Every structure is written in structure tokens, then in C-alpha cells.
Amino acid sequence: MTLLAFDWAFIIEKLILIVIIVFASLGIALYTTFGERKVAAILQDRPGPNRAGPFGLLQPLADGLKLIMKEEIIPNASSKWLFILGPGLAMTASLMTCAVIPWGTSLHLFGRTIELQIADVNIGILYVFAVVSMGVYGIMIGGWASNNKFSLMSALRAASQAISYEIAMGLALIALLMTTGSLSLKTIVADQVTGHYWNIVYQPLGFLIFFICAMAECNRTPFDLPEAENELNFGYHQEYSSMKLGFYLFAEYVNMIMSSAIMACMYFGGYDLPFFDESTVAPNIAAMIGVGTLLIKIVLFIFLFMWIRWTIPRFRYDQLMNLGWKKMIPLALLNMLLTGAIILSKL
Amino acid sequence: MQALTNKSIAVNRKPMTFWERLYLINIIKGMMITFKHMFKKQPTIRYPEQKREFSPVFRGLHVLNRDEEGRENCTACGLCAVACPAEAITMEAAERQEGEEHLYKEEKYAAKYEINMLRCIFCGLCEEACPKDAIYLSETFAPANYTRKGFIYDKNDLLIPNTLTNATALAKAKGVEA
């Protein structure tokens, strides 16, 4: 079925995949907010939200409805367009990451092989980095456009934090890329499936650095300085209301899911279920098992994020910078050197 | 200055070691503590379904009592109002007429009897002051209300249902109390 030199079926297939993945990400993010409240409650010996629906399962829908029904306030002194652009940008940037994540191997349907990845870009991980660093613009623009001292201060903090931790993150990643030899996420995962061990075995220090930096990039506690409630009133989204605020809060959760997915793909074998031979079952079932495995890994990472958030308090600003520049970057450099030396000695 | 107790601990001002400065070990220790809390029993009482047991000496909403023939005990002597430290009780007395002997126990009764639950401190002094066993503090508390006026409880709200003429209402009231 070729028309005008386009493979229309291919475009439709990709469109369907995009819609499914975007809506699935949003759905998971919706329930991550619920999960966050439940995890927080359980860690603090409380029952958590349990009124809306069975076990409080309708709570995120009620929260969303509340946000939509709220009055939309745009402050007079704000730069209107930028004010509206901010949350949109934050949300877009966090959702764009999902394009290169391999959610599974491939499905065989209607005589076609459907790759469970929106785009197998050969510079996948570089693309992720580019998009993630776009994400900080959402916060910066929002904070600046609000025309509020606290918002501006928080935007500055967010920007400096993101820049500081992106360096260590990139350095940790270089060490990983030296061992994998590819920037494509699909290849990285496939190598781990066929190889003996997951990358975490070769890069434990690299993973630790990457994980801490990912937490900083997502503005999660203990790195939630940009939205420090007690010093900055609420941070960059102080002037926001209604769904624009919802977008900011939501983008944080989508970010969390995406960074979990990327960590699972790069260090924990992506859709690879350990001690299980995929060739023993039908390929379609194997693919679905793969998707389920990746989802479980993502959920475990999200739980880890939440567990850390409800355990430790926020860093002081100088501690944040100390950790970023004096601990993370030297450690990442050391990790890179060691990896390089080992690879060289093996040649 | 002398310390009040001998429990004071000198502050440790040693500089942090390398491992301490990495925070990691202490963070993992902290995470273990929170992890243990996941399996602890929740002390929460899920309120509307579950209710906390009151102690046997709990002093709640007031009840105006009747005798075994269903007649009001109160004679509007005003001792409760005098005893009340919060001045929450007001009443007006009236004389019992011919043919009202089945309603009121004695020749004098309270035509109006009001307690302002916002003023009341539930001390129970009215209960102690009453010579006729007419006022008691029950085991319920005043439910929420939309207006201040709604907290002024009059005789209709306070009087317990008549044992003889309205046994079901009494049983219901007792069921709520329990």
C-alpha cells in the first residue's frame, strides 16, 4: 500500500503508537500523583487518600477536575504570552522524551512488523539530553514571566541546578557510551538483552551518579530547591492557577516517568525480563511481556524516587552546589577515566 | 549557668569524614527507617465508619430527663444556670395547670430551657447542681452546624423522648448514644 511514495500504513501505525504512548504516559502520570500521596501516607503510618472511589482510586480524577474548574488567573504585570508559553513548554519537553524510548521489541500484526518505539534515532540519548535541557526553559520562562521576585529567584535556582547537574549526568553517560559503543537506545537495550549482564554491572558508579543527577533534573526532593515551599513560597509556579499550574505539577511527574524509563533502558536492560527465554513463547506475547517488564521497572524506579523524597529533607543551596561541582563531577570524571583505562587494557 | 538536668549532650563539632560528606550511607540508613514504617500499624481511626470509644466519664451533650411515668423532672429552679461557669443556660419557669399532671412532675416547670452549646464548656457542674436529677450529660457531642443560632439548643433538642408514648424514638436515641 504505497501512495505518493509514502508508506501510509507506516504513518498511521506511528500515529497510533504516538497517541497510545502519550496517553499512556499521561495516564501513568495521573496515577503517579495518586501513588505519591499513597506512598507518602504509608511511609508516615497514614492511610492516605481513600475516600474517592474504591481505595481512593478516583482521587487523581477528582484532583484533575478540581484544577480544571479553578479560575484561570493571569497577573496583570506578567508577560502574557510567556506566561502561557511556560507550562506548555514544560509539558511538551517532558513528553517529547518518550519518542526514543524502546517500549518493547516488535509486534507482528496484520502482516506488518510494528516496532514498539516511536523513532529509532541513532543519536537517541543525545536527543533525550537536548529535550531535557529544553525542559528547564519551561521553568525559567514561567518564573520570569510571572514578574514575581520569588518566582524569578526560583527560576534562577532551577537553571543553575539543571546546568550543574547536567554536566555530571553527561559525564556519567559518556562512560556508559564507551562500553556500549552506541547512542541509540534500541541498540543499548538490545545489547543488554543478548549480552550476559545489564549495564549496571559494568557501570555501578556511573548509575549512581546518573540517578542522583536525574533526581536533580526532575526537581525532586532533596533537590526541589526551585519550588522550596518555605523559602520561596512555591517557587516558579506561584502565580499560576488552574490547569496551567496543573501542567507544571504534571510535567514533574511525566519527567519522573521518563527518567525512570531511560534509567531502566540504559542500566537495567529495558524490556529484558531476567532469567526468561523470550524465544520459548510467541513473538507477540514475548513483546507484551517485554512492555510489562519495562513498566514494572519504571514503577520500581518511581517508588524509589518517592521513597527518597519522603525520607530526606531538602539540601541547602550551598550543599547542592558543593555536591554537584565538588563530588559528582570529579566522581563522574574518575568513573570515565577508569572505564576508559579498563577498555583500553582489554583491547 | 547550671544546667537544669544532667541530660545535656555536648555538641559534636568534628568535621565530617569523607563518607559522611557523601551523605549516601546516612541517606540509606534513613531510608531503612522509613521502610520499616511501611509495615507499622496505622493509628488512624477512619472516622465516619469507625468511632473512637469515649471514656466512661465522658461529658457530652446535655439531656433533660423524665421520670418513669414520662413526666419532665425539671422544675426550673435555676440552680444549673447559677452553677454554670460559662453562663450558657437560660430558662423561664411556668406554673403547671390543671390537667397537665401527666406532663410535668411538680407544680413548676421550665417553659423555656436553652443551652448555648458554643458557650458551654461541658464541665458537668449543672449535672452536679441539679437537685431533681433533671439534667445529665450524655455521651454524644454537639454536631457541626451552619449558623451560631443552630447551637442554641432548646427544650425540643434536649428533652429525651417519652418512655411511654415514644418508645421507638427513645430506643433510637439510645442507639445513637451507644
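Is B:E101 buried, exposed or partly exposed? B:E101 is partly exposed, because 13 other C-beta atoms lie within 10 Å, while the exposed class stops at 12 or fewer and the buried class begins at 20 or more. Keep in mind as you browse that this is a predicted model. Here is a quick tour, starting with chain A and ending back at that glutamate.

**Chain A: fold**
- Chain A holds twelve helices and two strands.
- In sequence order, the elements of chain A run α-α-α-β-β-α-α-α-α-α-α-α-α-α.
- With 347 residues, chain A has a radius of gyration of 21 Å, close to the 20 Å from the globule rule, so chain A is as compact as a globular protein of that length.
- Along the principal axes, a box of roughly 60 × 50 × 50 Å is filled by the C-alpha atoms of chain A.

**Chain A: packing**
- Of the 347 residues in chain A, 43% are buried.
- Taking the contacts in chain A between residues at least 6 apart in sequence, 79% link residues at least 24 apart.

**Where chain B meets chain A**
- On the chain B side, eleven residues are in contact with twelve residues of chain A.
- The side of chain B that touches chain A is made up of five nonpolar, five polar and one charged residues.

**Back to B:E101**
- In chain B, B:E101 sits in the loop that joins strand 2 (89–95) to strand 3 (108–116).
- B:R71 is 30 residues away from B:E101 along the chain, and their C-alpha atoms are 8.1 Å apart.

Technical notes. Residues are numbered from 1 along each chain as its sequence is written. Chains are lettered from A and ligands numbered from 1 in the order in which they are written. This is a predicted model: local features need pLDDT of at least 70, side-chain atom pairs count only at pLDDT 80 or more; totals for chains, interfaces and linings use all residues. Helices (H or I, at least four residues) and strands (E, at least two) are DSSP runs, numbered from the N terminus. The radius of gyration is taken over C-alpha atoms; the globule rule is 2.2 Å times the number of residues to the power 0.38. Two residues are in contact if their C-beta atoms, placed from the backbone, lie within 7 Å. Ala, Val, Leu, Ile, Met, Phe, Trp, Tyr, Cys and Pro count as nonpolar, Asp, Glu, Lys and Arg as charged, and the others, Gly among them, as polar.
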